[in-house]
Amino acid sequence: MTENRRSLRNIFLYKCLFALTFWSHVSLSVEKKLFTSMSKNFPEGGSDKNIKNLTLLYTNSHHSKNNFDWVVIQNTTESLSLSEITNDNVKKLITLLSTIRQGSRLQNLTLTNMSVDWVDILEVLQTVWHSSIEYLNIESLTQLSNIKGYKFDYSGTSMKALTMKKVLITDLYFSQDDLYDIFANMNIAALTIAEAEMIHMVCPLANSPFTYINFFKNDLTDLLFQNCDKLIKLETLILQRNKFESLLKVSFMTSRMRSLKYLDMSRNLLHHDAADTQCQWAESLTELDLSSNQLTDAVFECLPVNIKILDLQNNQITSVPTGMAELKSLAELNLAANRLADLPGCGGFVSLEQLNVEMNSILTPSADFFQRCPRVRELQAGQNPFKCSCELQEFIRVERQSGGRLFGWPAAYTCEYPEDLRGTQLKDFHLSELACNTTLLLVTALLLTLVLVAVVAFLCIYLDVPWYVRMTWQWTQTKRRAWHSSPEEQERVLQFHAFVSYSERDSQWVKNELIPNLEKGEGCVQLCQHERNFIPGRSIVENIILCIEKSYKSIFVLSPNFVQSEWCHYELYFAHHKLFSENSNSLILILLEPIPPYIIPARYHKLKALMAKRTYLEWPKERSKRPLFWANLRAAISINLP
């Protein structure tokens with residue numbers, strides 16, 4: 001029994017190989033390849049299953065015993081592909097196709113690289129029309145000779161779909177009806193004519209059974225199917241890559257297609273300007289592709305009311321108008337590659353579930369998007385030039401609370417601005433709460449300002465800054481008046497070795513000890529004392545400044561009484577001012593009595609600094625040490641006056 005099956009299979013293989021000599025006339029090496037390819041389609045182990053697909057290179061042949069083998073092929077394969085069909089062999093092909101009776105297993109026929117006359121093309125179609133073939137595909141077809149009228153018989157067909165791709169019409173002058181009527185009135189469900197440079201298609205003469213029409217990559221215009229009411233069963237219409245311009249006319253084209261559900265108008269030249277005429281779409285239309293056109297914001301005034309899926313990517317849309325008519329059924333909206341500056345609202349899309357706004361101009365998307373669009377379960381907003389700022393951080397915070405509704409996160413979401421953050425993923429971008437909360441920042445700045453003001457006020461009071469400001473002003477004004485009062489005073493002349501500053505309570509020591517010991521004897525010293533050298537009529541401050549200016553040194557007799565004297569403070573301040581303004585070494589400090597630090601007022605901080613940094617002479621209580629004290633004091637103020 002097994003041997004019988006094997007012998008039957010061998011006979012079957014030999015018959016198919018014999019049939020191959022009719023369909024293929026090639027070299028021995030090619031025959032071996034075809035035989036190997038063909039053998040792979042035959043069932044193994046003596047099975048009685050049939051071949052599903054068979055591809056043959058069709059050329060001219062002179063073998064006569066073909067009928068039996070052709071019957072074998074058509075009864076054992078479901079799909080057959082023939083190539084290289086010309087005027088030399090097309091007649092024999094038509095003869096052979098006429099033997100394919102209805103009921104045969106052959107259902108799919110593909111003809112590739114055909115270059116035949118127009119009448120032969122129609123003869124092939126007519127022959128297939130009355131065969132068992134349901135799906136005919138013709139690719140790379142070149143029409144030869146003139147296009148003429150042909151009475152096509154559409155009756156009694158098994159055909160369901162015709163696909164024609166890459167069709168070249170060489171006849172430039174012909175009646176459009178002779179060409180387009182043949183295809184428009186076909187009684188099949190699906191028609192595809194693609195890449196054929198077709199400029200028009202007429203409306204069927206009667207109600208058409210077409211449910212699918214694909215006219216991809218042709219030269220069709222707004223005149224297509226205008227006022228056509230015969231496409232009542234059409235559900236899918238693909239007009240991608242044609243030359244349509246008016247969206248309004250496209251809507252009129254569909255208005256009588258009562259069953260239309262899907263329309264592809266992508267990659268055309270469509271635009272729409274606001275006009276008084278309302279668009280009229282098929283009410284059944286639920287999916288519309290308007291991508292890669294020239295549409296602007298006005299497109300939202302011309303959309304099907306029952307649309308569910310809308311593709312508007314790669315247009316010129318800058319925003320979604322707030323006053324647009326509601327699209328209550330819209331669930332998916334694609335606005336990628338437009339010019340949006342922010343996420344659109346959902347006022348007109350109450351049922352929106354998916355939104356794509358990738359590759360727009362969105363710097364800072366609105367943080368309240370998911371609040372305004374609660375039904376959106378997927379938002380694609382990646383590949384935008386995000387500006388990493390406080391506002392964007394709010395959006396990032398919203399993403400963490402969205403439950404993964406941000407599609408492509410985090411890879412597709414990176415900073416574009418500022419430049420130092422370019423390329424940083426949004427998930428890695430963080431700013432402090434203080435930097436982003438304006439209220440908190442203002443409160444913090446106000447508090448710091450108040451603290452700073454309080455500190456400055458405290459220091460001013462503690463260090464008696466107003467007093468120093470007042471003294472500086474008086475110093476400036478006094479010097480200005482003094483040097484501009486008379487010509488003889490404009491020249492600075494030293495008249496005294498030293499100006500003596502002391503408290504009135506220490507005047508006895510000054511008169512009984514300091515003045516006698518310095519002004520008498522060899523190398524006497526001329527001292528400036530306020531009681532005898534102040535000029536009547538001038539202010540005390542003015543006299544102090546003039547005496548200090550006319551003295552080579554300033555002697556300060558320090559004691560607890562000194563720090564309690566306001567005028568001593570003035571004199572010390574002005575002398576200290578001279579010390580720094582003239583970069584001189586003019587101060588001599590005599591510590592008459594020890595001064596406890598706690599009794600020195602805050603404004604005497606300069607005195608504290610002087611006593612800490614400079615050497616001072618301390619009045620000795622022992623008389624034996626006093627000669628050395630006077631010698632050191634004379635040496636400190638030794639100078640020859642002019």
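Strands S18 (residues 496–501) and S20 run parallel and are joined by five bridges; two strands count as paired if DSSP finds at least two bridges between them. Strands here are DSSP runs of E with at least two residues, while helices are runs of H or I with at least four, and both are numbered from the N terminus.

On to S20 itself, residues 551–558: seven of its eight residues are buried, meaning under 20% relative accessible area, against over 50% for exposed and in between for partly exposed (1.4 Å probe, protein chains only). S20 also runs parallel to strand S21 (residues 587–591), again with five bridges. There, Leu558 has Leu591 as its bridge partner in S21.

A word on the model: it is predicted, so local features need pLDDT of at least 70 and side-chain atom pairs count only at pLDDT 80 or more, though totals for chains, interfaces and linings use all residues. Residues are numbered from 1 along each chain as its sequence is written, and side-chain values use heavy atoms, leaving out hydrogens and water.

Trp409 and Pro410 are joined by a cis peptide bond with omega of about 5°, and Pro410 sits in the loop between strands S16 (406–407) and S17 (415–417). Another cis bond links Tyr417 to Pro418, omega about -10°; Pro418 is in the loop between S17 and helix H10 (433–436).

Asn227, not a glycine, has a positive phi near 60°. Asn227 lies in the loop between strands S7 (212–214) and S8 (236–238), and counts as exposed because its relative accessibility is 61%.
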